[in-house]
Amino acid sequence: MHDIAAATLPSGTLLPSLGLGTWKMGENARTASQEVESLKRGLNLGMTLIDTAEMYGEGGAELITGKAIEGRRDEVFLVSKVYPFNASRQGVIDACERSLQRLKTDQLDLYLLHWRGEHDLEETVAGFEELRRAGKIREWGVSNFDVEDMEDLMEVEDGENCAANQVLYNLSRRGIEHDLLPWCQERGIPIMAYSPIEQGRILRNTELIRIAKAYQATPAQLVLAFVMRARNTIAIPKSSDPHRVEENAGAAGLEISREDWAALDTVFPPPFRKQPLEML
Ligand code: NDP
């Protein structure tokens with residue numbers, strides 16, 4: 001079990017700063033049991049946040065998640081997301097009900113709008129608030145919202161109840177450090193960093209490998225430590241391999257010197273001007 005630092009929602013609710021992604025899970029019956037095993041391994045290691053969505057495997061990832069949390073729902077901070085095209089006031093309620101059935105639970109800890117779509121934010125927020133009053137969700141938030149979208153959201157009735165924003169953030173995608181990250185930090189809204197290891201694409205970088213070695217760490221652990229270094233930020237790496245989940249859990253507590261972060265800044269520079277929010 002790793003000692004994973006906590007992040008905080010504006011309500012004061014604590015959640016782990018290192019969790020488990022599920023995109024690409026639930027797409028193939030042959031790999032299902034290994035996916036369940038990977039999530040269980042992560043939970044055992046203290047990565048007690050699972051991020052899923054109705055989109056992933058068109059419900060398949062929620063079924064996998066439901067199996068992984070069976071008998072231990074209370075240990076888990078459970079996050080799912082609604083498709084934008086389902087995010088009308090009533091649509092959000094119906095979609096949540098379907099997700100709860102697949103997850104075999106009666107409440108989500110956090111329910112996110114996956115990205116901004118055709119429905120007015122007023123409608124979506126009204127649906128979220130109704131779900132909250134009914135006890136189907138504890139909190140709600142958004143995903144892929146840039147600063148302008150967050151500002152629009154704050155104009156909507158109850159918009160200030162937004163508990164989190166899940167966006168692309170990793171060592172090679174640092175655009176949010178310019179504006180969105182500080183904007184959220186000032187308001188106590190955590191950033192959930194998706195694709196925190198850039199889906200594996202940056203792990204062969206020689207500087208990353210060199211610095212990781214100096215700490216007896218792996219490149220994946222170093223890039224996860226980078227994401228968790230930012231205040232109130234949560235990394236949600238996905239792996240369907242229990243050994244890699246163990247490796248990722250080992251990122252918790254990794255302390256990197258200021259000099260080594262600065263060396264990484266030269267290879268993966270921080271933004272010096274506004275960059276539109278990237279999406280994967
Ligand atoms: P990640 O950066 O988490 O990378 C996942 C990929 O990296 C997989 O191919 C995985 O393969 C591989 N991998 C995992 N651990 C290691 C390791 N230690 N060493 C080498 N390779 C590794 O990308 P994701 O895009 O999956 O993002 C994480 C989660 O964020 C998603 O699963 C999803 O829950 C969420 N997300 C949300 C989005 C949104 O729009 N809100 C968009 C994208 C993601 P393998 O499984 O074979 O180990």
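Modeller: Two residues are in contact if their C-beta atoms, placed from the backbone, lie within 7 Å. Helices (H or I, at least four residues) and strands (E, at least two) are DSSP runs, numbered from the N terminus. This is a predicted model: local features need pLDDT of at least 70, side-chain atom pairs count only at pLDDT 80 or more, and totals for chains, interfaces and linings use all residues. Residues are numbered from 1 along each chain as its sequence is written.

Now the helix pair. From H3 (residues 89-103), the contact uses Arg-89, Gln-90, Val-92, Ile-93 and Cys-96. They meet Glu-123, Thr-124, Ala-126, Gly-127, Phe-128, Glu-130 and Leu-131 of H4. By class, the contact holds six nonpolar, three polar and three charged residues. Here Ala, Val, Leu, Ile, Met, Phe, Trp, Tyr, Cys and Pro count as nonpolar, Asp, Glu, Lys and Arg as charged, and the others, Gly among them, as polar.

Next, the geometry. The axes of H3 and H4 (residues 121-133) come within 7 Å and cross at roughly 45°. Axes are lines fitted to C-alpha atoms, for helices over the stretch in contact, and angles run from 0 to 180 degrees between N-to-C directions. H3 and H4 are therefore oblique to each other. Angles under 35 degrees count as roughly parallel, over 145 as roughly antiparallel, 65 to 115 as roughly perpendicular and the rest as oblique. The crossing of H3 past H4 is right-handed; that is, the near helix is turned clockwise from the far one by less than a right angle.

Elsewhere, Pro-270 lies in the segment after H10 (258-267). Pro-270 is exposed, with 9 other C-beta atoms within 10 Å. The cut-offs are 12 or fewer for exposed, 20 or more for buried, and partly exposed in between, counting other C-beta atoms within 10 Å, placed from the backbone. Arg-174 is 96 residues from Pro-270 in sequence, yet 5.8 Å away in space, C-alpha to C-alpha. Beyond four places in sequence, Pro-270 is in contact with Arg-174, Glu-177 and Asp-265.

Two loop residues also stand out. Glu-198 is not a glycine, but has a positive phi of about 50°. Glu-198 sits in the loop between S9 (191-194) and H7 (206-214), and is partly exposed, with 18 other C-beta atoms within 10 Å. Gln-216 has a positive phi near 50° too. Gln-216 is in the loop between H7 and H8 (219-229), and is exposed, with 9 other C-beta atoms within 10 Å.
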